[in-house]
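This report covers one protein model and its ligand. It takes the ligand site, then charged pairs, then backbone features.

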Amino acid sequence: MAQSVFDFGMIGLGVMGRNLLLNMADHGFSVIGFDKDSTKTGALESAATAGTTVKGVAELATMVQLLERPRKLMMLVPAGQPVDDVIESLIPLLEKGDVVIDGGNSHYTDTLRRVKYLREKGIHFMGIGVSGGEKGARTGPSIMPGGDKEAYEKVKPMLEAISAKVNGEPCVAYLGREGAGHYVKMVHNGIEYSIMQLISEAYALLKQAGLDNDQLHKVFKTWNEGDLQSFLIEITADIFLQKDDKTSARLLDVISDKAGSKGTGKWTSQDAMELPVAVPVIDTAVALRTISAYKDERVQAAALYKSPAAQLNTPVDTWIQQVHDALHFGIIISYAQGLAMLHQASKELQMEIPLPEAVKVWRGGCIIRSTLLEVYTQAYKAAPELPNILLDKNIAALVESAITNTRTVVAQAAQTGTAAAGIMSALAYFDAYRTERMPTNLVQAQRDYFGAHTYQRIDVPGSFHTVWGE
Ligand code: 6PG
């Protein structure tokens, strides 16, 4: 065939697929994309940088034929059945040794199933988490690949070229066996939910002190120049300034408070329960999005229940600092819970997730990127098998410096009736985690009392049962 041969193919030319492919082209790879929708293939070609090799086609078979062997192709289609449908239509077109990547937010158990299914046919299937949204996809996302190591080596140069870079290091690394890439991305999203919830609570707590959108912008902008520096704080600062083009209001003030979700946060909570590992701030973030949907009930409840009479009477500057510390604390705890989940999953699910690499990959390009990840990178360098980041001395120092103000904020929120479940949950988790002897000896006694479930003693090994109350 006289036609040119392409280095990489993309199935699904939505915003993410198109931008990732254009990013590859910008790095010198010749790329081809397939989408049944001709407006999307057209949009791909017209957005290409001059001098790059980019082609859009409306036939899957045409794209597959034009790929260099072994073929390397990615699909970016909605999670679930669409991924299976694409796989089925690809199978007759592929040859042994080809590499198929699912770059969407698939559940890792689906990825495991697909890896096995395609392995039987001699085809490498990889689940890869991609984070960074539309802009990140084009200019440098964070990429979380897992699965077949041999297949990873084939696509590594491309992924390294297109990924975000931090200190010259690419934000992509092999993150473990089988479904590990999608698992790491799922936990990334759980942490994303958690940090977003905490930021929304900080917003509510600052509004309580009378800050308007301009002042909120300034506070978040300043925070983004300090130890809270992160993508989510940065965009939050911008959001306060955005004007609504339909009214003279700020856009934020006319956005409904019902939050949407596509399911990855819920999966993180569900899979954490399965392991089990405790991620209560993530659970809380998922629950709060659910409560946000109860709009009609909340309106009724707001009329039924009065707010407490207590008012915030802390000087504004002091309050801003206290909320800053509570947010910083909550964010540290969010990462700690997500990373503890990865540590546990790595062992329990035999995924062999290298935590030091996962944290490095998150330092740039992704939604949860922050300067804190640099501290975590150092912590894992010193102790790669750390079960919980809270056991690191440098993290402990950060926690200690924020804890007093966190307690003040939680107490104030309780007194004034401000919903701050994420921050409260982070504090409750921390207080339980740092408790040498929890009151769960009583739970054990109760279990044995009514159900003869037995208990262990602190002085003699073995299991014991008592006939209680006699
Ligand atoms: C990312 C994001 C991305 C997406 C979330 C949104 O890393 O780029 O996590 O994957 O924005 O899936 O999830 P919800 O719609 O559930 O909030």
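## Ligand site

The residues of the ligand shell split into two nonpolar, eight polar and four charged. The model is predicted. In total, 14 residues surround the ligand. The closest are Ser131, Glu192, Tyr193, Lys262 and Arg289.

Helix H8 (residues 180-208) gives the largest share of the shell, five residues. Both domains take part: domain 1 (8-174) and domain 2 (185-433) each supply at least three residues.

For Ser131, an N or O atom of the side chain is 2.5 Å from a ligand oxygen atom. For Glu192, the distance from a side-chain N or O atom to a ligand oxygen atom is 2.6 Å. For Asn105, a polar side-chain atom lies 2.9 Å from an oxygen atom of the ligand. On its own, the ligand has 420 Å² of accessible area, and the protein covers 80% of it.

## Salt bridges

Side chains of opposite charge can pair when their charged atoms come close. The structure holds 19 salt bridges. Three of them are tabulated here.

| Pair | N to O distance |
|---|---|
| Asp84 and Arg114 | 2.9 Å |
| Glu169 and Lys360 | 3.2 Å |
| Asp257 and Arg298 | 3.1 Å |

Start with the side chains of Asp84 and Arg114, which meet in a salt bridge. Asp84 sits in helix H4 (residues 81-90) and Arg114 in helix H5 (residues 108-119), so the pair ties together parts that are 30 residues apart in sequence. Are these two partners buried or exposed? Asp84 is buried, at a relative accessible area of 15%. Arg114 is buried too, at 1%. Buried means under 20% relative accessible area.

Next come Glu169 and Lys360, whose side chains also meet in a salt bridge. Glu169 belongs to strand E9 (residues 169-170) and Lys360 to helix H15 (residues 355-361), so this pair ties together parts that are 191 residues apart in sequence. Glu169 is partly exposed, with a relative accessible area of 31%. Lys360 is partly exposed as well, at 24%.

Asp257 is in the loop between helix H10 (231-239) and helix H11 (264-274), while Arg298 is in helix H13 (residues 295-304). The pair links distant parts of the chain, 41 residues apart. Asp257 is partly exposed, with a relative accessible area of 38%. Arg298 is partly exposed, with 27%.

## Other contacts

His324 lies in helix H14 (residues 316-348). This histidine counts as buried, at 8% relative accessibility. The side chains of His324 and Asp227 are joined by a polar contact of 2.9 Å.

Asn388 is found in the loop between helix H16 (372-382) and helix H17 (393-416). At 3% relative accessibility, Asn388 counts as buried. Its C-alpha atom is separated by 6.0 Å from that of Ala336, 52 residues apart along the chain.

Gly80 is placed in the loop between strand E4 (72-75) and H4. Gly80 counts as partly exposed, at 23% relative accessibility. Gly80 and Gly104 are 24 residues apart in sequence, and their C-alpha atoms are 9.8 Å apart in space.

## Backbone features

Where are the cis peptide bonds described here? One runs from Arg69 to Pro70, with omega near -15 degrees. Pro70 lies in the loop between helix H3 (60-65) and E4. Another joins Leu275 and Pro276, with omega about -5 degrees. Pro276 lies in the loop between H11 and helix H12 (280-292).

Asn167 is not a glycine, yet has a positive phi of about 50 degrees. Asn167 is in the loop between strand E8 (165-166) and E9. Asn167 is exposed, with a relative accessible area of 64%.

Thr454, not a glycine either, has a positive phi of about 70 degrees. Thr454 is in the loop between helix H19 (440-451) and strand E10 (455-456). Thr454 is partly exposed, with a relative accessible area of 26%.

Methods
Residues are numbered from 1 along each chain as its sequence is written. Side-chain values use heavy atoms; hydrogens and water are left out. A residue is near a molecule or strand if one of its heavy atoms lies within 4 Å of it. A polar contact is a pair of N or O atoms within 3.5 Å; within protein, one must be able to donate a hydrogen and the other to accept it, and residues adjacent in sequence count only if both atoms are side-chain atoms. Accessible areas come from the Shrake-Rupley method with a 1.4 Å probe; for residues, only the protein chains shown count as cover. Helices (H or I, at least four residues) and strands (E, at least two) are DSSP runs, numbered from the N terminus. Ala, Val, Leu, Ile, Met, Phe, Trp, Tyr, Cys and Pro count as nonpolar, Asp, Glu, Lys and Arg as charged, and the others, Gly among them, as polar. Domain bounds come from an automatic or database domain assignment. A salt bridge is a side-chain nitrogen of Lys or Arg within 4 Å of a carboxyl oxygen of Asp or Glu. Buried means under 20% relative accessible area, exposed over 50%, partly exposed in between (1.4 Å probe, protein chains only).
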